[in-house]
Amino acid sequence: MTDSRGAKPPYDAYDNGPLPGERPSSGTQQTAQPYHPPQAYDAHDGPAGAAAVRRPRTGAKTTPRTRKARLRVAKADPWSVMKVSFLLSIALGICTVVASAVLWMVMDAMGVFSSVGATISDATGSTETNGFDLQAFLSLPRVLVFTSVIAVIDVVLATALATLGAFIYNLAAGFVGGVELTLAEDE
């Protein structure tokens, strides 16, 4: 704040009333004027209302700082853990079924089942019987049904184990405080 001559008034000239949010003491009179904090930088001689320009220090470091925060995982919500693990295990089950179908088709195209089936048939066969038929046992529909059953069991078990793990983590975190993480922000 400057007066009309451009000189700064003495400190005593500022309003010594209460700060915003404070109650005035009983002996002072409340002013109706708004609070104006003292300016940190003097305004340059220029048009009225021109703000002061802060100049950077010479020799100041310009390397970016990395902000770090230490956080603690105090509790894992079992319901959200169950939902996420259910969706992830369904995705894993679908990937398992698709991968087994693709693997079966590749192995069938390479002739693995026919060559291994002929070897097993010769080894287990006799003059009256033809032996074990591997190609009929490992047909694509039978492999996909078996893989689907395994995928469904995996979905149920993974969901149950993840939810149980969340309950156990909450019990352990109650004793030791949880897992501490340090997160850093790159600039």
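The questions and answers below look at a few residues of a predicted model.

Colleague: Is Ala173 buried or exposed, judging by its relative accessible area?
Modeller: Ala173 lies in helix 4, which covers residues 140-176. A residue counts as buried when its relative accessible area is under 20%. The value for Ala173 is 8%, and therefore this residue is buried.

Colleague: Which residues does Ala173 touch, not counting residues up to four places away in sequence?
Modeller: Contact here means that heavy atoms lie within 4.5 Å. With residues up to four places away in sequence set aside, Ala173 touches Ala74 and Gly178.

Colleague: How many Å apart in space are Ala173 and Ala76, C-alpha to C-alpha?
Modeller: Along the sequence, Ala173 and Ala76 are 97 residues apart. In space, from C-alpha to C-alpha, the separation of Ala173 and Ala76 is 9.3 Å.

Colleague: With which side chain does the side chain of Ser100 make a polar contact?
Modeller: Ser100 is found in helix 1, and it counts as buried because its relative accessibility is 16%. Not counting residues up to four places away in sequence, Ser100 touches Leu144 and Thr147. The polar contact, at 3.4 Å, joins the side chain of Ser100 to the side chain of Thr147.

Colleague: What is the area of the nonpolar surface patch that includes Ile90?
Modeller: Ile90 is found in helix 1, residues 78-110, and it is partly exposed, with a relative accessible area of 31%. Residues need over 30% relative accessible area to be part of such a patch. Ile90 makes the patch together with Phe86, Leu87, Ile94, Val98, Val102, Val106 and Met110, and the area of this patch is about 750 Å².

Definitions and conventions: Residues numbered from 1 in each chain as written. Predicted model: local features only at pLDDT ≥ 70, side-chain atom pairs only at ≥ 80, totals over all residues. Heavy atoms only, no water. Helix = DSSP H or I, 4+ residues; strand = E, 2+ residues; numbered from the N terminus. Buried < 20%, exposed > 50% of the residue type's maximum accessible area, 1.4 Å probe, protein only. Patch = residues over 30% accessible without salt bridge, like charges linked within 9 Å, V, L, I, M, F, W, Y side chains within 5 Å. Areas by Shrake-Rupley, 256 points an atom, 1.4 Å probe, with all protein chains shown as cover. Salt bridge = Lys/Arg side-chain N within 4 Å of Asp/Glu carboxyl O. Polar contact = N/O pair within 3.5 Å; in protein donor to acceptor, adjacent residues only side chain to side chain.
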